[in-house]
Amino acid sequence: MRENDPVTSATRTFETPAPAVPPRLIATDLDGTLLRDDKSVSPRTVAALAAAEEAGIEVFFVTGRPARWMDVVSDHVHGHGLAICGNGAAVVDLHGGPGAHRFVKVRELARDNALDAVRLLRDAAPGTVYAVEQTYGFHQEPAYPKLHMEIPDRLLPAERLLADDGPGAGEPVLKILAYHPDLDPDAFLTLARLAIGDRATVTRSSPSALLEISGPGVSKASTLALCCAERGISHEEVVAFGDMPNDVEMLTWAGQSYAMGNAHPDVIAAASGRTVANNEDGVAVVIEQLLAARR
């Protein structure tokens, strides 16, 4: 969901505090974190991910991306094959490859909650336009700009898209996207959270005024916690990486966490450590140091 524009200037300095507990799972965001700005996974990062898995440390990709955009890392999911997509709205098995993924867990946004969020945010920020992300479908309002790498399935008002008899009526809604052409991104996020309240979870991963709205309590952190509980892994045994506000809860929850050198100020404040920017293989830098410390 993140565009390529830098959020803050990159820095070559980083801090790597020694973990109090040996890590058993690495949780990393993709865009602006693991991926370089050209959306590639560098050879150094590929090698670091493989080394972590070989050392017995599971790697989970935890992203705002929908499952159909995961081909960029589908070759690097290793044994478990799982990724957390849609900011925690879905756990997906990527073993089948592009277009053949399987939803293992879905934490949907109820249509009534989505309609409430649309109404409340329209009142609070006139000019807001919407798109609807479902497990397999993507629909948007006619005025919603071309922000994504695909053609929408339907062009209709959000109220019609979210109606019980609307397009994809039998398919879960994972999140809605809200875009405003004029508002400051952080101001828009604050306004939306106040307006929507506990009807939904609101976050953002784009440098533009584009919000991502999920079900109440649904976040990268809460879904990662569920996956870790299923594996008997405590939060102290998790190392997490991120760069944008949708990563804040995950970085706060993890026992050890790193903000990228290009991270949003809120991410830097939330993380326990800092690494270099995504274009400098910041995730790989930390993984290499963690594995060296284990040896």
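Where is Ser-42 found? Ser-42 lies in the loop between α1 (30-34) and α2 (43-54), where helices (H or I, at least four residues) and strands (E, at least two) are DSSP runs numbered from the N terminus. This is a predicted model, in which local features need pLDDT of at least 70 and side-chain atom pairs count only at pLDDT 80 or more, while totals for chains, interfaces and linings use all residues. Residues are numbered from 1 along each chain as its sequence is written, and side-chain values use heavy atoms, with hydrogens and water left out.

**Ser-42 and its surroundings**

- Ser-42 is buried, with a relative accessible area of 5%; buried means under 20% relative accessible area, exposed over 50%, and partly exposed in between, for a 1.4 Å probe and protein chains only.
- The side chain of Ser-42 makes a polar contact with the side chain of Thr-45 at 3.0 Å, a polar contact being a pair of N or O atoms within 3.5 Å, where within protein one must be able to donate a hydrogen and the other to accept it, and residues adjacent in sequence count only if both atoms are side-chain atoms.
- Not counting residues up to four places away in sequence, Ser-42 touches Arg-36 and Asp-281, contact meaning heavy atoms within 4.5 Å.

**Nonpolar cores**

- The largest nonpolar core has 33 residues, and those with the most contacts inside it are Ile-26, Phe-61, Met-70, Val-73 and Ile-287; such a core is a set of buried Ala, Val, Leu, Ile, Met, Phe, Trp, Tyr and Cys residues joined through side-chain atoms within 4.5 Å.
- Among the elements that each supply at least two residues of this core are α1, α2, β11 (238-242) and α9 (282-294), and the largest share, six residues, comes from α9.
- A second, separate core of 23 residues includes Ala-117, Ala-125, Val-173 and Ile-213.

**Strand β11 and its partners**

- Five of the five residues of β11 are buried, with Val-238, Ala-240 and Gly-242 pointing one way from the strand and Val-239 and Phe-241 the other way.
- Strand β1 (residues 25-28) pairs with β11 in the parallel sense over four bridges, where two strands pair if DSSP finds at least two bridges between them, and Leu-25 stands opposite Val-238.
- Strand β12 (residues 256-259) runs parallel to β11 and is joined to it by four bridges, with Ala-240 standing opposite Ser-257.
- Together, β11, helix α7 (residues 248-253) and β12 make a right-handed β-α-β unit; a crossover is right-handed if, with the strands pointing away from the viewer, the path from the first strand over the helix to the second runs clockwise.
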